[in-house]
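Here are some notes on the model, for checking against the coordinates. They cover the ligand shell, one hairpin and a few backbone angles.

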Amino acid sequence: MNNDEHGGVRRRDLTVRIDYLADHLEAIPMLAEWHHAAWSSITPHLTVEDRVTGFRLRARRGGVPTGFVAVVQGAVVGLACLVNHDMETRQDLTPWLASVLVAAPHRRHGIGSALSDRVADEAFSQGFSRLYLLTFGRVTFYARLGWHVLEEAHYLGTSGTIMQRDRAGLLAASPRAT
Ligand SMILES: CC(C)(COP(=O)(O)OP(=O)(O)OC[C@H]1O[C@@H](n2cnc3c(N)ncnc32)[C@H](O)[C@@H]1OP(=O)(O)O)[C@@H](O)C(=O)NCCC(=O)NCCS
């Protein structure tokens, strides 16, 4: 990681670029390690190598799946992906925002929001009018970005929440959990 010795970067110095993961293939093993550290308790059946394989499949420039990375001063510091499915039990819903992850020293500078918005923009520009995500405990974060709760879900032994985001301008006539 860059900037660790400085304890992170100040917001006014922070220039974040959102690139295709396809343009940073060298970062995939590192991202797979981060992903494993964040979610191996929920997906213990996946090895780091499995996650590397999955990210390579997402290393495309457009279409589904596509991975995006956040780059700060030349270093990859975050990831978010547009994928066809993120829950084996909800094949009826597509596409999904998945694998939103920002390196700890770079959090709370708007990078996770920028990555999530980039994935939504990609989905909408491809003609999708709605996309979905599964979160374990970050409902408020996504609600601030225009996502709504669709339903609570118990998945892989963990309680989570399925959320949806509609393309701007669509009437919010979709089902909402109460
Ligand atoms: C969730 C995660 C991706 C957020 O990334 P991030 O870069 O910190 O996201 P942002 O900076 O855009 O927003 C995070 C918070 O910081 C706040 N924030 C953003 N810029 C800020 C700033 N300059 N100063 C203070 N706070 C700021 C946001 O309002 C947001 O608050 P909220 O969580 O109460 O809504 C990150 O914490 C992470 O990687 N967590 C581990 C993996 C994970 O849980 N991923 C989500 C899977 S569903």
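1. For the classes used below, Ala, Val, Leu, Ile, Met, Phe, Trp, Tyr, Cys and Pro count as nonpolar, Asp, Glu, Lys and Arg as charged, and the others, Gly among them, as polar. The model is a predicted one: local features need pLDDT of at least 70, side-chain atom pairs count only at pLDDT 80 or more, and totals for chains, interfaces and linings use all residues. Residue numbers start from 1 along each chain, as its sequence is written.

2. The ligand is surrounded by 17 residues, and the closest are Val102, Arg107, Gly112, Ser113 and Thr135. Two or more shell residues come from each of β4 (96-102), α3 (111-125) and α4 (139-144). Helices (H or I, at least four residues) and strands (E, at least two) are DSSP runs, numbered from the N terminus.

3. By class, the shell around the ligand holds six nonpolar, six polar and five charged residues.

4. Strands β6 (residues 148-155) and β7 (residues 158-166) pair in the antiparallel sense, over seven bridges. Pairing requires that DSSP finds at least two bridges between the two strands. Tyr155 has Thr158, in β7, as its bridge partner.

5. The hairpin of β6 and β7 has two residues between the strands. Leu156 is found in this loop, and its phi is near 55 degrees, a positive value in a residue other than glycine. Is Leu156 buried, exposed or partly exposed? Leu156 is partly exposed, because 17 other C-beta atoms lie within 10 Å. The cut-offs are 20 or more other C-beta atoms within 10 Å of its own for a buried residue and 12 or fewer for an exposed one, with partly exposed in between; the C-beta atoms are placed from the backbone.

6. Gln73 also deserves a look. The loop between β2 and β3 contains Gln73, a residue other than glycine whose phi is positive, near 50 degrees. Gln73 has 13 C-beta neighbours inside 10 Å and therefore counts as partly exposed.

How values were computed. Near = placed C-beta within 6 Å.
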